[in-house]
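Here are my comments on the model, as numbered points. Please read them with the structure open.

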Amino acid sequence: MTYERFLNPDIVAVPPSGIRRFFDLASTMKDAISLGVGEPDFVTPYHIRNAAIDSILDGETQYTPNRGLLSLRQEISWYLENRYQTVYNPETEIVVTVGASESIDIALRALIAPGDEVLVPEPSYVSYSPSVIFAGGRPVGVVTDAGNGFRLTPEAVRAAITPRTKALILPYPNNPTGGIMPREELEALAQVIREKQIMVISDEIYSELTYGGLRHVSFASLPGMWDYTLTINGFSKAFAMTGWRVGYLCGPAEVVSVINKIHQYAILCAPRQGQVAALAALREGRENGYAEVLRMRESYDRRRRLMVEGFRSMGLDCFEPLGAFYVFPSIARTGLTSEEFCERLLNEERVACVPGTAFGACGEGHIRCSYATAVDKLNLALEKMEKFMRRL
C-alpha cells in the first residue's frame, strides 16, 4: 500500500535534519568523536537535579497550569529584567514550553497564515525553515557571511521584505556560526522593523554564552522593539539541561494569548519536574551570581580558542565565534564539498562534523563543529583532522 495520497506533500518534501544524519552515522562507530550535536558535556548541576527528585518524592506529579508554574514564570520575569532589561508580566506575557523548539513552532503557527513569508538568516539553525513550512508559510533566506561576522544587515533585511513578509527570525548568538549582533547593529536593524512593521522572533537560547567581555543584547530591550518582538529562551544550553526540555516564550499579552491556545491544545503543559528543575536553576543562580553558568562559559571560552587556533594552524580560514559553542571554519580550499569533506573525515578519521549546507545553501564550503565536548576529545579530533588535511 502506498500512503502518498494521505500525506502533506509540503512536509514530505522537507529533508531530514543534516545534523542528525551525521550524528546517527557516528553513533554506529564505537571509536568516533562526535562534534556534531550541540549539547553541553556538563551534567545538570546537582542542586537542579535534586530539586526535581524531591518534587517526585513529594508526590508532585500533576499537570501544571497551561502557561507553566506561576512561580517559574515569576522567576523568569525577574531573570530577564535583571539580566537583559526586558520586562514581562509573568501572568499574561510568558508561556513555559517544551524546550525553545516548541516556542519557535507555536510562535510561527500563531503568526503565519498560508502564503505568508518569514525571513530566515542563513546560515542558521536547521529547524527554522521547516517550521515555517509546517506553519503554512514560505521561508525566505537572508544570506550572511564571514566577511561581516555573519551578522544580519539592515540593507539585506530591507531588500528581502515583500508585502507578504510577516516576520523575521533573529537567531543570535548564532548556531552554527557563533556570530553575535552588537547593540549598534541591532539598533540599525530596529529602524527597518519600525518602518516595515513586521514581527521579530528573537531566539536567544545562547544568550548566556558570549565571549571576549561582550554581553548579549536582547532585541526587545531596544527602544520601541518590545511591541514587535517575541523573545524565546530556555535552559538547555546555559544550564546544561538539554534533556529536561524546558523553554519559554515572552511577548505582548495579545499575541501570547493566541500562542497559548496552540500550546494548551497541542501540549497542555511542559513536564512538571522539568519546570521545578528550571525554577531551582534560576533561584540558585540569582543567589550565587549564576556561578555554574559562569563556570561552564569559562570552560567553553577556553575550548573556543583551542578550536579556532587548531583550525587556523592547519591552514583553514576560521571566523572567530563570539557566542554559542560552535566553530564554522571554511573548508573551501580543500576542493571538497561540505558533504564530501564530512563523509570522508568520518570514514577515514572517525570524526563527525556537520556539513555547512545543513544550515542553508550558503553554508557550502563550511563545516560546523561543536566544542561542547571534553577538551581531550577536542585535542584528539584536531589531531585527526590535521592528519586528514595533510593527506588532502
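**Notes on the model**

1. Strand β11 and strand β12 (residues 367–370) run antiparallel and are joined by two bridges. Within this pair, P355 has I367 of β12 as its bridge partner. Strands here are DSSP runs of E with at least two residues, helices are runs of H or I with at least four residues, and both are numbered from the N terminus. Two strands count as paired if DSSP finds at least two bridges between them.

2. The model is a predicted one, in which local features need pLDDT of at least 70, side-chain atom pairs count only at pLDDT 80 or more, and totals for chains, interfaces and linings use all residues. Residues are numbered from 1 along each chain as its sequence is written, and side-chain values use heavy atoms, with hydrogens and water left out.

3. The β11–β12 pair belongs to an open, antiparallel sheet of three strands, ordered β9-β12-β11. Its edges are β9 (326–327) and β11 (354–355); each has a single partner strand, so one side of each lacks a neighbour in the sheet.

4. Another open sheet has seven strands in the order β2-β8-β7-β6-β5-β3-β4, with mixed pairing. At its edges are β2 (94–97) and β4 (138–143), each of which pairs on one side only. From one strand to the next the twist averages 20°; axes are lines fitted to C-alpha atoms, for helices over the stretch in contact, and angles run from 0 to 180 degrees between N-to-C directions.

5. T231 has C250 in β8 as its bridge partner.

6. The loop between β7 and β8 holds A240. This residue has a positive phi of about 55° although it is not a glycine. Is A240 buried or exposed? A240 is buried, because its relative accessible area is 6% (buried means under 20%, exposed over 50%, partly exposed in between, with a 1.4 Å probe and protein chains only).

7. Q197 also deserves a look: its phi is positive, near 55°, and it is a residue other than glycine. Q197 lies in the loop between α8 and β6 (199–203). With 56% relative accessibility, Q197 counts as exposed.

8. Helix α10 (residues 272–288) has 17 residues, which at 1.5 Å a residue should span 24 Å, and its end C-alpha atoms are 24 Å apart, in agreement. The expected span is 1.5 Å times one less than the number of residues. The helix is mostly covered, with twelve of its 17 residues buried. Among them are R272, Q273, L282 and G285.

9. On the surface, M1, Y3, F6, L7 and V12 make up a nonpolar patch with about 610 Å² of accessible area together. F6 is in the segment before α1 (9–12) and, at 46% relative accessibility, counts as partly exposed. Patch residues have over 30% relative accessible area and no salt bridge; nonpolar side chains (Val, Leu, Ile, Met, Phe, Trp, Tyr) are joined within 5 Å, like charges within 9 Å. A salt bridge is a side-chain nitrogen of Lys or Arg within 4 Å of a carboxyl oxygen of Asp or Glu. Areas come from the Shrake-Rupley method with a 1.4 Å probe; for residues, only the protein chains shown count as cover.
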